[in-house]
Amino acid sequence: MTNCLLAGVGGQGTVLASKLIAQSAMNRGLNARTAETIGMAQRGGCVVSHVRIGNEIHSPLIPQHKADLIIGFEPAEAVRCLPYLKENGAVIASIKAVKPITAALTGSGYSGEEMTVFLKENVKNLYLVDAEAICNQLGSAKVLNVVLLGAAAGAGLLELTLEELKKTICEKLPERFIELNCHALSEGAAAVRKG
Amino acid sequence: MSKQFLMGNEAIALGAIRAGVGFVSGYPGTPSTEILETVAKNNPGDIYVEWSTNEKSAMETAAGASYAGARSLVTMKQVGLNVAADPLMSLAYIGVKGGMVIVAADDPGPISSQTEQDTRHFAQFSKLPVFDPSSPEEAYEMICDAFDYSEKYGTPVLFRPTTRVCHGCASIEVSEERKKVAPEGFAKDSRWVIFPRLTYQNHLKVEARQPVLGEDFSSYRFNRLTGTGKKGIATGGISYAYTCETLNGSENCKLLKIATAHPFPEKLALEFLSGLDEVLVIEELDPVIEKELTYLCGKHHLNVKINGKLTGHVANAGENTVESVTAAVDSFLGRAAGTEPSKELPALPVRPPVLCAGCPHRASFYAVKQAMKGKKAVFSGDIGCYTLGNAAPLDMVDTCLCMGAGITVAQGLHRIQPDAVNFAFIGDSTFFHTGIPGVINAVYNETDIVLIVLDNSTTAMTGHQPHPGTGRTMMGEISEKISIYNVLTALGVSHVSRANPLNLEEAVSAVKSAVEAGGVSAVIFESPCIAVTKPQPLYQVNAKKCTRCKKCIRELGCPAVVLEDGAVKIEPSLCYGCSVCAQVCPFGAIERSEN
């Protein structure tokens with residue numbers, strides 16, 4: 001994998017997830033480059049993290065049609081980033097919709113299901129994860145990012161092993177969060193299913 | 001040496017530490033904030049680091065440190081340089097002793113800013129050298145060069161990264177070595193006192209230095225000329241990375257990379273222009289390189305066509321992308337354009353940034369709105385998270401201009417339209433930044449305004465930096481908290497009150513009293529940012545009592561209150577337990593959750 005896009009809503013933890021991927025790749029001796037959304041958009045706006053791995057990479061932003069993998073932290077955000085996906089690229093997405101306040105105000109009724117249907121119809125290499133259920137089971141909504149990383153690694157989409165990610169988590173996260181995140185990683189891997 | 005995965009801003013900070021910086025000051029602003037924070041975090045112990053009250057203070061304190069021989073670094077976002085323009089312009093004449101680097105981060109797009117200004121123009125205007133890194137790796141090296149150039153020429157230098165360099169991360173070889181700088185101390189000399197005669201003499205020196213620096217920069221290691229051909233591409237900053245991404249190496253063209261747009265490396269640029277028919281200039285923000293090349297062609301009677309922003313070949317607003325650069329290069333070099341069509345996407349939910357669930361600013365805006373229901377009022381806002389109070393359904397920000405301007409704009413509005421109540425909203429950090437002179441202006445000129453200070457005990461938008469009201473400094477020390485209440489009282493504000501915005505009744509009544517008091521009156525809404533407090537017991541909707549009137553949704557716009565199959569629900573992962581929706585519900589249907 002060279003190019004991975006992580007798409008979500010501000011506050012979902014895409015930045016940490018992208019760092020864990022990049023750091024794990026670096027631990028393998030590869031170079032990595034990322035670009036993040038930081039600032040005003042973080043307050044409930046769309047956020048995208050670009051992760052690029054390899055030595056011959058210049059741009060921090062992934063060009064359109066070049067992403068090997070999109071990790072959607074939210075179904076509509078995965079759809080929004082589809083122009084970046086290369087042909088036969090993979091998408092892994094959480095099925096839980098984050099409803100913008102605009103939807104409640106206008107009563108437009110966005111449920112997220114219309115987005116998972118669109119993904120099913122348009123992406124051959126698709127993995128959907130009920131990440132919310134896993135977060136509830138683990139008692140923290142904050143580990144959504146690591147659940148999805150576990151799912152992506154479990155499906156063999158990251159070209160990084162769970163052990164490699166686990167090692168990075170142990171190196172980089174504060175001690176009190178390590179156990180919870182290691183659980184999140186393995187539960188994510190166990191829950192992933194195709195389509 | 002060790003390889004680390006660093007954000008551009010972290011690379012700049014570690015590079016400055018390596019260069020022996022001894023004094024670092026700044027004011028938070030996206031995309032520059034993490035530079036100063038990283039120095040503080042990695043402080044070997046002998047670097048003085050401070051968040052200053054504003055960019056002008058930051059630049060002046062750094063200048064003083066540099067007068068005394070220390071290497072100093074001052075950080076800010078591009079609009080911060082406008083606030084610091086006064087010391088910048090004079091310092092360009094006075095010069096420095098210890099190396100002084102001014103980092104002003106530009107924000108093409110803009111992604112998180114009120115302007116798309118180009119700091120390279122500030123370099124031309126102030127006649128100071130400017131460094132423009134194209135990647136985090138380069139920024140790490142270049143910041144050291146910037147200190148060396150500053151000392152070589154006895155001048156402050158500008159360092160201008162852009163958002164994609166600041167917030168991009170890369171694998172960087174970090175050196176453990178650190179340059180030793182022993183400041184000599186301040187030597188009294190008339191050179192430090194600006195007077196018209198000294199200014200004239202130093203102006204001559206600055207002008208004489210310009211071509212010398214330009215010549216020096218022609219051989220600077222990050223200004224590069226490669227390739228051959230009749231066509232040439234000139235670029236710099238992050239656009240260089242996009243250009244490299246789109247060129248596959250087989251193109252027959254020259255490539256000029258400019259890392260120092262001012263003073264322009266004319267010798268290197270002439271070498272580039274020599275033998276060319278046509279040039280495409282790819283840069284973000286303003287056509288700075290493009291104008292320099294156009295000028296050179298005129299000066300040297302070169303028959304080379306320069307294409308770029310001025311000729312409509314590159315967009316003159318917004319940020320460049322690999323796609324936009326590829327399209328410009330395809331058309332310039334006559335390459336076949338890629339024909340991968342994009343599938344049409346379904347209608348996607350719109351996600352404007354919003355105040356967080358539980359944010360006390362929402363409650364403050366709501367209280368003012370309720371207090372002024374049916375009355376003629378104008379709400380002037382300011383820069384911070386609370387600018388987001390403009391969004392529906394609150395709709396409580398009628399003006400927003402720049403840091404501190406809400407207070408003064410309100411006064412101008414009131415003088416022309418005295419029958420409206422003019423409110424000015426300002427956050428705690430912005431109050432200390434540039435709010436105070438505006439309050440003095442209102443008291444002195446007797447212009448009636450109602451000041452609402454939104455005191456959430458932090459600088460929230462940029463990631464929770466301490467400020468004079470927090471009682472903490474960047475050196476980790478506890479300092480005396482400066483009380484906004486005492487400041488306002490001392491300035492002569494006739495009516496000052498404090499209220500908890502999360503208690504709606506108390507908040508509304510505080511606003512009404514302030515309006516009735518007349519003159520310059522103020523309410524300080526005190527409630528900490530949710531990001532620096534623990535969640536309270538959460539709230540939930542009792543479906544038996546809820547009539548689905550949706551008042552909570554229509555009036556508050558809290559992201560935690562959602563509609564699910566027509567029913568109102570509070571999303572537990574977002575709720576912070578602020579209780580404001582429970583106070584707004586006319587049917588008592590929102591209750592404290594048991595678990």
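Before I start, a word on conventions: residues are numbered from 1 along each chain as its sequence is written, and chains are lettered from A, with ligands numbered from 1, in the order in which they are written. As this is a predicted model, local features need pLDDT of at least 70 and side-chain atom pairs count only at pLDDT 80 or more, while totals for chains, interfaces and linings use all residues, and side-chain values use heavy atoms, with hydrogens and water left out.

Let me begin with chain B, for which the domain assignment, whose bounds come from an automatic or database source, gives domain 1 (2–218), domain 2 (224–333), domain 3 (360–527) and domain 4 (539–592). Taken over C-alpha atoms, the centres of domain 2 and domain 4 of chain B are separated by 56 Å.

I turn now to an open sheet of six strands in chain B, in the order S3-S2-S4-S5-S7-S6, with parallel pairing; here helices (H or I, at least four residues) and strands (E, at least two) are DSSP runs numbered from the N terminus, and two strands pair if DSSP finds at least two bridges between them. At its edges are strand S3 (48–51) and strand S6 (130–131) of chain B, each of which pairs on one side only. Strand S2 (residues 23–26) of chain B runs parallel to S3(B) and is joined to it by four bridges, and Val24(B) has Val49(B) in S3(B) as its bridge partner.

Across S2, S3, strand S4 (72–77) and strand S5 (100–105) of chain B lies H3(B), running at about 165° to S4(B); contact means heavy atoms within 4.5 Å, and axes are lines fitted to C-alpha atoms, for helices over the stretch in contact, with angles from 0 to 180 degrees between N-to-C directions.

Which helix does H3(B) pack against, and at what angle? Helix H3 (residues 55–67) of chain B packs with helix H5 (residues 85–94) of chain B at an angle of about 20°, their axes lying 9 Å apart. That angle makes H3(B) roughly parallel to H5(B), a term that covers angles under 35 degrees, with over 145 counting as roughly antiparallel, 65 to 115 as roughly perpendicular and the rest as oblique. On the H3(B) side, the contact includes Met59(B) and Ala63(B), and on the H5(B) side it includes Leu88(B) and Leu91(B).

Finally, in chain A, helix H6 (residues 144–154) and helix H8 (residues 175–191) pack at an angle of about 45° with their axes 6 Å apart, which makes H6(A) oblique to H8(A).
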